[in-house]
Amino acid sequence: MKQSTAFKICLGALLVLLTAVPALAHKVRIFAWEDSGTIVTESQFSGGRPAKNAVISVIDTATGQQIVSGTTDGEGVFRFPSPPAGGGALKIIIDGGEGHKNSWLFKTEEETGNSNTAQATHQKIPAPQKSSTVTVTREELQQIVEGVLDKKLAPIKRTLAENADRGPRLQDILGGIGYIFGLAGIAAYFQSRKKIKEYDNERPS
Amino acid sequence: MHISEGVLSPPVLAAGGALTVIGTAVGLKNLDYDRIMTVSLLTATFFVATLIHVPVGPGSIHLVLGGLMGVVLGWACFPAILVALFLQTILFQYGGLTVLGVNTAVMALPALLCYYLFRPWLENNGKKRKVGAFLAGFLAILLSSLLMALALASTDKGFIGTAQLVIAAQLPLMIIEGIITMFTVSFLAKVQPEFLQLGKS
């Protein structure tokens, strides 16, 4: 009888869990990388769930002005076109609600300095002519190579950006527990000194 | 449960800091020599329990165990939660140093209230103990949500809607915490009654 009530409670709890929309987390994190002319930002709550419908605002640190703002999609992703080169680093701020806020500093200095290269991949690459000799200018070749590289490197850039802000690791957790017991030791030390003093005072001298 | 840096206004930060300082001072002053290990054990439990995220539905939840800390530790829950949150801040960048006071107060004040409300119930050897423990776990999360909502709402009016969302989102956690606190307390009362200090308060 007792067991069945406990079972019912657990079942009820499970049902509530499945229907509710918990959005609890320790913090929200955001990371960004460039993918052929657009800057892609991805946001997650700690625990790996995407931050949906979070407000993103992008600030140019050189001028201090907001360039772009918007909300993330269902995967926590928000894209915006790369600003023309020459501006400062971009501060991408996410507000995940419930007091969760974070930012990512996107440095534009890794760009080659040629603002045209970013848009290059959107232009049509000239179709190969029927004649066996295809003349490609140096500039076109550079654009093609950069476009392909951007596409190939995008997943790597994403992984690198994601790893820059990792969750707690085992060493950190064990270290934290060690600190706690160390503090307990310090507290015990001071308490014991107090006890020794009391004992000394009580002793007739 | 961790409010980030740069969200709250200075008065709210100062109020939270003041409450935490008072609570920690009282907690440390009343801390007995033979209670130190109990406090640090529960601090470590809290530190680890709040790190483990269980993916549920579209989001993820983690335990807080405020109710358990409250009924077992009393005023000592303030230094315990403060230490655990401080370590989480410096090790994992959860929350922030300026909001440490607010975050501690948000979790420790309800725990303390649970101590005064439900501690006498735990002395009862039977159903009342279980009900008291469940209510402590449940109420601690509910009140923490309310306090957090208050901190966020008084900072920015636009947060009130979000604040209601917090309470709705925490509802499953309240039930889980209630059940876990209930089982933990009744287990400890059977196996290790001196840990709970039953019959002494």
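Of the 201 residues in chain B, 55% are buried, a residue being called buried if 20 or more other C-beta atoms lie within 10 Å of its own, exposed if 12 or fewer do, and partly exposed in between, with C-beta atoms placed from the backbone. In chain A, buried residues make up 23% of the 205 residues. This is a predicted model, in which local features need pLDDT of at least 70 and side-chain atom pairs count only at pLDDT 80 or more, while totals for chains, interfaces and linings use all residues. Residues are numbered from 1 along each chain as its sequence is written, and chains are lettered from A and ligands numbered from 1 in the order in which they are written.

Chain B has eight helices and two strands, where helices (H or I, at least four residues) and strands (E, at least two) are DSSP runs numbered from the N terminus. Its elements run α-α-β-β-α-α-α-α-α-α from the N terminus on. Of the contacts in chain B with a separation of 6 or more, 75% are between residues 24 or more positions apart, two residues being in contact if their C-beta atoms, placed from the backbone, lie within 7 Å.

Two packed helices are described by the angle between their axes and the distance between the axes. Here the axes are lines fitted to C-alpha atoms, for helices over the stretch in contact, and angles run from 0 to 180 degrees between N-to-C directions. In chain B, the axes of helix H3 (residues 66–73) and helix H5 (residues 100–123) come within 7 Å and cross at roughly 60°. That makes H3(B) oblique to H5(B), since angles under 35 degrees count as roughly parallel, over 145 as roughly antiparallel, 65 to 115 as roughly perpendicular and the rest as oblique. The crossing of H3(B) and H5(B) is right-handed, a crossing being left-handed if the near helix is turned anticlockwise from the far one by less than a right angle, and right-handed if clockwise. On the H3(B) side the contact involves B:Gly66, B:Gly67, B:Met69, B:Gly70 and B:Val71, and the residues they meet in H5(B) include B:Met107, B:Pro110, B:Tyr115 and B:Phe118. Sorted by class, this contact of H3(B) with H5(B) has ten nonpolar, three polar and one charged residues, with Ala, Val, Leu, Ile, Met, Phe, Trp, Tyr, Cys and Pro counted as nonpolar, Asp, Glu, Lys and Arg as charged, and the others, Gly among them, as polar.

H3(B) also packs against H4(B), at an angle of about 140° and with the axes 9 Å apart, which makes H3(B) oblique to H4(B). In this contact B:Met69, B:Gly70 and B:Leu73 of H3(B) meet B:Cys77, B:Ala80 and B:Ile81 of H4(B), and by class the residues are five nonpolar, one polar and no charged.

Helix H4 (residues 77–92) of chain B packs in turn with helix H1 (residues 10–29) of chain B, at an angle of about 120° and with their axes 7 Å apart; H1(B) and H4(B) are therefore oblique to each other. Their contact is made by B:Thr20, B:Gly23, B:Thr24, B:Gly27 and B:Leu28 of H1(B) and by B:Cys77, B:Phe78, B:Pro79 and B:Leu82 of H4(B), with five nonpolar, four polar and no charged residues.

One residue can be followed through this region. B:Thr104 has its place in helix H5 of chain B, and with 28 C-beta neighbours inside 10 Å it counts as buried. Leaving aside neighbours within four places in sequence, B:Thr104 is in contact with B:Thr20, B:Phe78, B:Ile81, B:Leu82 and B:Leu85.

Chain A has four helices and seven strands, and along its sequence the pattern is α-β-β-β-β-β-β-β-α-α-α. An open sheet of three strands in chain A has the order S1-S2-S5, with antiparallel pairing, two strands being paired if DSSP finds at least two bridges between them. Strand S1 (28–35) and strand S5 (77–81) of chain A each have a single partner strand and stand at the edges, so one side of each is left without a neighbour in the sheet. S1(A) pairs with strand S2 (residues 38–45) of chain A over eight bridges, and A:Phe45 in S2(A) is the bridge partner of A:Val28.

Elsewhere in chain A, strand S3 (residues 55–60) and strand S4 (residues 65–71) pair in the antiparallel sense over six bridges.
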